[in-house]
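Student: Please take one part of this model and look at it closely. I would like a connected account, with its setting.

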Amino acid sequence: MIFGLPDVRSDEAGFWALASLWKAADSLEYGKLELDLTRCNWFDANMCAALGAVLANVADRLNAVEIVSVRPSVESVLCRNGFLTNFGYPASDDRKGTAFPYRRLRLTDAGRFEDYLASNLIGKGIPEMAAGFGRVFKQSLFEIFQNAVQHSESKHGAFVCGQFYPVRHRLDISIADGGVGIPALVERFLARTMLPEEALSWALQEGHTTRRGRLPGGVGLKFLKEFVRKNGGKLTIGSGGGYYIFSGAYDSVQPLGHPLPGTVVNLEIDTADTQRYGLGSEISPDNIF
Amino acid sequence: MRQEIVVRVFDIVGGPLCVASDDGKLVHDKIVPLLREGKKVALSFAQVSTVISAFLNAAIGQLYGEFKEEEIRERLSVRDMPSEDLVLLKQVVDNAKAYFKDPKRFSEAVGEDNA
């Protein structure tokens, strides 16, 4: 089958496009998917993580995947971050040092994710982040990664990719898992049928977790949102048939036309942030408990 | 004055990365017997590079289902933890206190008592 992919940005339309691809390839088995990028004039580099997760699920049904008719501007970006080299395109140097390369990691290998962040957050043209900010940013990324480890049930691992925009001091990074997706997990946990956006809303409430057992949870997202709010960044999540966007001023859950395989989390942050991220003076380490 | 026992998280986990629930449980299991004996425990995060909520929930959060708040406050302390990580720990602790006061409010699960 041939699927024509339109522009893909880190927004609702981008998630719709990838969900439509997954829907179109839904019944394809032992066949071939030809992903035609003739109509794709822009592809946000970080969204390679999401596309990688979709294509891994397509390939899992023993389909061959070929990416064709890539426009030169898109090819340049997707070769620099190494995504297209997985589909037979030549490798290209990231001379500007702004690409966070596309990687597929095993969920059992948090150490490799640590290495990935260590080698990309520093010394690739990205200005040195204020120490406290860098620490909280890294924590936020690990919250996302570990959420995939604990909940995604993905057999494909985690897909990560990012792009730094030096002029705008902006870093976009995505982590996708291609697993079961949050709405399905919530439905299973609450043992009732729900609309995907309703299930996603439930999961996004503070303290809610689908983990069973006598262990509190649900703090990671709160931490992530507070970081994004303070930084002035943006958080978007596409999971199953639900889409969520959060910025300091805006918070919304919407349905997607078709479900995505698993969960994609996009984090957009301002790298020039010099704010303090530690405890306020009203809380001391002595009265934490 | 009772002697304070320092529990070094880095040594128990075997590295600077404190992200996995299972690693948090290792720390939890190390300090619970000490707290049960009424000992004072100082949890040192020296050399820890990254700590996240999943780890802290397992290491510390679940203590609120096993001990009274006053017991934890009296016997447990943290040290060598950067201010940014203390913010997260505070969120984990506040969430755990609320959770163990009313676990069902957090789960809303049918046939799930979380006990």
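Tutor: What follows is a close look at one helix, then at the core and the chain contact. The model is predicted. The predictor gives the complex an ipTM of 0.84 and a pTM of 0.90.

Start with helix H1 of chain A, residues 12–24. This helix has 13 residues. From first C-alpha to last, H1(A) reaches 18 Å, close to the 18 Å expected at 1.5 Å a residue. Its buried residues are A:Gly14, A:Phe15, A:Ala17, A:Leu18, A:Ala19, A:Leu21 and A:Trp22.

Leaving aside residues up to four places away in sequence, A:Leu18 touches A:Val8, A:Ala50, A:Leu51, A:Val54 and A:Leu260. A:Leu18 also belongs to the largest nonpolar core, which has 119 residues. A:Leu18, A:Ala49, A:Phe145 and B:Phe55 have the most contacts inside that core.

The contact between the chains takes 40 residues from chain B and 35 residues from chain A. On the chain B side, helices H3 (53–59), H4 (69–75) and H5 (83–101) and strand E5 (76–79) each give two or more residues. H5(B) provides the largest share, 14 residues. That side of chain B divides into 23 nonpolar, twelve polar and five charged residues.

Last, confidence in chain B. Its mean pLDDT is 88, and 87% of its residues reach 70 or more. Over residues 109–115 of chain B the pLDDT is below 50. Beyond near neighbours in sequence, that stretch has twelve contacts in the model.

Terms used. Residues numbered from 1 in each chain as written. Chains lettered and ligands numbered in written order. Predicted model: local features only at pLDDT ≥ 70, side-chain atom pairs only at ≥ 80, totals over all residues. Contact = placed C-beta atoms within 7 Å. Helix = DSSP H or I, 4+ residues; strand = E, 2+ residues; numbered from the N terminus. Nonpolar A, V, L, I, M, F, W, Y, C, P; charged D, E, K, R; others polar. pLDDT = per-residue confidence, 0-100. Core = buried A, V, L, I, M, F, W, Y, C linked by C-beta atoms within 7 Å. Buried ≥ 20, exposed ≤ 12 C-beta atoms within 10 Å, placed from the backbone. Expected span 1.5 Å × (residues − 1).
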